[in-house]
Amino acid sequence: MDNLEDLYQEIILSHNKRPRNEGLLDPHTEEAEGYNPLCGDRLQVYVRQNGPTVEAVQFTGEGCAISRASASIMTEAIKGLSGSALEAKIAEVIEMLTAKEEPAVDPFDLGELAALLGVRKFPARVKCATLSWHTLAAALKKAGHVSTE
């Protein structure tokens, strides 16, 4: 394993063991529940917006290391975003993880989001990594629930 893969693994493990922004966000303006019936991952995403801007985001739930790490990384990556920038970030991450072709991205531009790139090597785990992002999108659309079947 090269040094970059080791670093990515450390980031995933760190976010799983010490998730950032875990817990009920009170007050919040939007929320949604996400569920992955294939592995049992279940989480709630809570968002507080000040106008269109994400002021705070937190999550609760149970899931595998990748699911929890992705949710934690997501909460850090979207703070302060709004409107089209927020929608673009969600779409970028989901596309990065689900595209058939290897994404043409510079991992250094992605920051900690780059740690999720390694999930592409394990197709069964992609839904674990995208669950929080789909749940965030559902919360912002006021859909309330998303299932990644």
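Which residues line the second largest pocket? I list Gln49, Pro52, Gly83, Leu86, Glu87, Ile90, Ala91, Ala137, Leu140 and Lys141. Helix H3 (83–98) and helix H5 (126–140) are the elements that give two or more residues to this lining. H3 has the largest share, with five residues. I note a volume of about 220 Å³ for this pocket.

Source note: this is a predicted model, where local features need pLDDT of at least 70, side-chain atom pairs count only at pLDDT 80 or more, and totals for chains, interfaces and linings use all residues. Residues are numbered from 1 along each chain as its sequence is written, and side-chain values use heavy atoms, with hydrogens and water left out.

Terms: on a 1 Å grid over the protein atoms alone, a cavity is a set of points where a 1.4 Å probe fits but cannot get out, a pocket is an open set with protein on both sides within 12 Å along at least five of seven lines, and lining residues have an atom within 4 Å of a point. Grid points are joined across faces, edges and corners, and a volume is the space filled by probe spheres set on the points. Helices (H or I, at least four residues) and strands (E, at least two) are DSSP runs, numbered from the N terminus.

Next, the cavity. S3 gives the most, four residues.
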